[in-house]
Amino acid sequence: MSLTVVKNATCTFCGCVCDDIELHANAEKIVATKRACSLGESWFKNHTAERLYPEALIDGQEATVDAAVEVAADYLVNANMPLVYGMSNVTCEAQREAVSLAELVGGIIDSHTSL
Ligand code: SF4
């Protein structure tokens with residue numbers, strides 16, 4: 001099986017955002033990293049392109065993304081104090097959207113770093 005080599009990949013695991021990582025991947029998994037630290041190597045190697053889960057779940061049952069978004073929106077709109085939480089390992093654009101969502105629903109926002 002041939003490997004795809006990606007040079008200057010960016011690691012978003014810890015916040016240092018190293019952008020000189022070289023990745024070697026087969027069709028589904030990253031199998032080698034160059035210049036990533038042990039945390040970055042573990043992060044990259046534990047991602048897969050395999051479909052391990054359905055695109056969306058509602059109450060544990062497979063659902064369409066559109067249906068799941070509708071249910072999530074209902075939860076957020078009807079919540080007393082919605083919490084938008086997480087944002088580790090996501091892009092700046094995704095964080096920006098999370099802040100917008102928290103503002104839209106009158107909620108609060110927090111990241112995993114508060115642990
Ligand atoms: S390679 Fe290591 S130091 Fe660099 S961003 Fe990833 S986890 Fe952080």
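**Notebook: strands, ligand shell, overall shape**

I work from a predicted model, in which local features need pLDDT of at least 70, side-chain atom pairs count only at pLDDT 80 or more, and totals for chains, interfaces and linings use all residues. My residue numbers start from 1 along each chain as its sequence is written.

I then checked the whole pairing. Strand β2 (residues 21-25) and strand β3 (residues 30-34) run antiparallel, joined by four bridges. I count two strands as paired if DSSP finds at least two bridges between them. A hairpin of four residues connects β2 to β3.

Next I listed the elements. The chain has three helices and seven strands. I take these as DSSP runs, numbered from the N terminus: helices are H or I with at least four residues, strands are E with at least two. From the N terminus, I read the order as β-β-β-α-β-β-α-β-α-β.

I turned to the ligand. Around it I find C11, F13, C14, C16, V17, C18, A36, C37, L39 and G40. I call a residue near if its C-beta atom, placed from the backbone, lies within 6 Å. This shell holds nine nonpolar residues, one polar and no charged. In this scheme Ala, Val, Leu, Ile, Met, Phe, Trp, Tyr, Cys and Pro are nonpolar, Asp, Glu, Lys and Arg are charged, and the others, Gly among them, are polar.

Last, I looked up the dimensions. The C-alpha atoms fill a box of roughly 50 × 30 × 20 Å along the principal axes. Of the 115 residues, 9% are buried (20 or more other C-beta atoms within 10 Å of the residue's own, all placed from the backbone).

Technical notes: Buried ≥ 20, exposed ≤ 12 C-beta atoms within 10 Å, placed from the backbone.
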